[in-house]
Protein chains: 2
Amino acid sequence: MYKVKIFVTLRESVIDPAGDAAMKELKRSEFPEVESLRIGKYIEVTMAKTDKNVEEAVQDMCRNLLVNTEVEDYRFEIEEVVAE
Amino acid sequence: MYKVKIFVTLRESVIDPAGDAAMKELKRSEFPEVESLRIGKYIEVTMAKTDKNVEEAVQDMCRNLLVNTEVEDYRFEIEEVVAE
């Protein structure tokens, strides 16, 4: 089995209204030291082992469904878990 | 300056409709090997250095604003960045 962690971030050129709102609220309250805040997605996937190349499969999953590659970047980590 | 990465995940007992929909679509298309998929948040924060304890400040930011601790868990990584 594989455990996959996918980190999806908005491109720097893309505005992030939710992140901006959170940043302003933090600055306004106790945390004026906050300089930037961006909210992305953290996706955890578990997958059975198959004959496929797992990296290619995750790339395809990201490009086809999980990531909007027009405005988002992504990276991922794959960990093989040996069943007990 | 600090770069902080915050990973926010839904508790296992909490349903994740967006994650379930993405999982079903992946299984139905090319990826029947997907066994679970959960969508959380990945928050990147930059903060100026202050006299405060940075770990405590990030804990407070998470508990007070960024995380719904009723249904979400979180962990974070703090990296100190030395300006050039």
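What rotation and what shift along its axis superpose chain B on chain A? In this predicted model, where local features need pLDDT of at least 70, side-chain atom pairs count only at pLDDT 80 or more, and totals for chains, interfaces and linings use all residues, residues are numbered from 1 along each chain as its sequence is written. Chains are lettered from A in the order in which they are written, and side-chain values use heavy atoms, with hydrogens and water left out.

The rotation is 180°, the shift along the axis is 0.0 Å, and the RMSD is 0.0 Å, with copies superposed by least squares on the C-alpha atoms of residues with pLDDT of at least 70 in both. The two copies are therefore related as by a two-fold rotation axis. Both copies use the same surface, since 100% of the contact residues of chain B recur in chain A.

Contact here means heavy atoms within 4.5 Å. By that criterion, 35 residues of chain B touch 35 residues of chain A. The size of an interface is often given as the accessible area lost when the parts come together. Between chain B and chain A about 3,000 Å² is buried, 61% of it on carbon and sulfur atoms; this is the accessible area (1.4 Å probe) lost by the two parts, summed over both.

There are 15 residue pairs in polar contact between chain B and chain A, both residues at pLDDT 80 or more. A polar contact is a pair of N or O atoms within 3.5 Å; within protein, one must be able to donate a hydrogen and the other to accept it, and residues adjacent in sequence count only if both atoms are side-chain atoms. On the side of chain B that touches chain A, β1 (2–10), α1 (17–28), β2 (34–47) and α2 (54–66) each supply at least two residues. The largest share, 14 residues, comes from β2(B). Helices (H or I, at least four residues) and strands (E, at least two) are DSSP runs, numbered from the N terminus.

Strand β2 (residues 34–47) of chain A and β2(B) run antiparallel and are joined by 13 bridges; strands pair if DSSP finds at least two bridges between them. Within this pairing, Ile39(A) has Ile43(B) as its bridge partner.

A salt bridge requires a side-chain nitrogen of Lys or Arg within 4 Å of a carboxyl oxygen of Asp or Glu. Over all chains there are 10 salt bridges, and two are counted between chain B and chain A. Lys52(B) forms one with Glu33(A), with the closest N and O atoms 2.8 Å apart. Inside chain A, Glu25(A) forms a salt bridge with Arg28(A), the closest N and O atoms again being 2.8 Å apart. Glu25(A) and Arg28(A) are separated by about one helical turn because they lie three residues apart in helix α1 (residues 17–28) of chain A.
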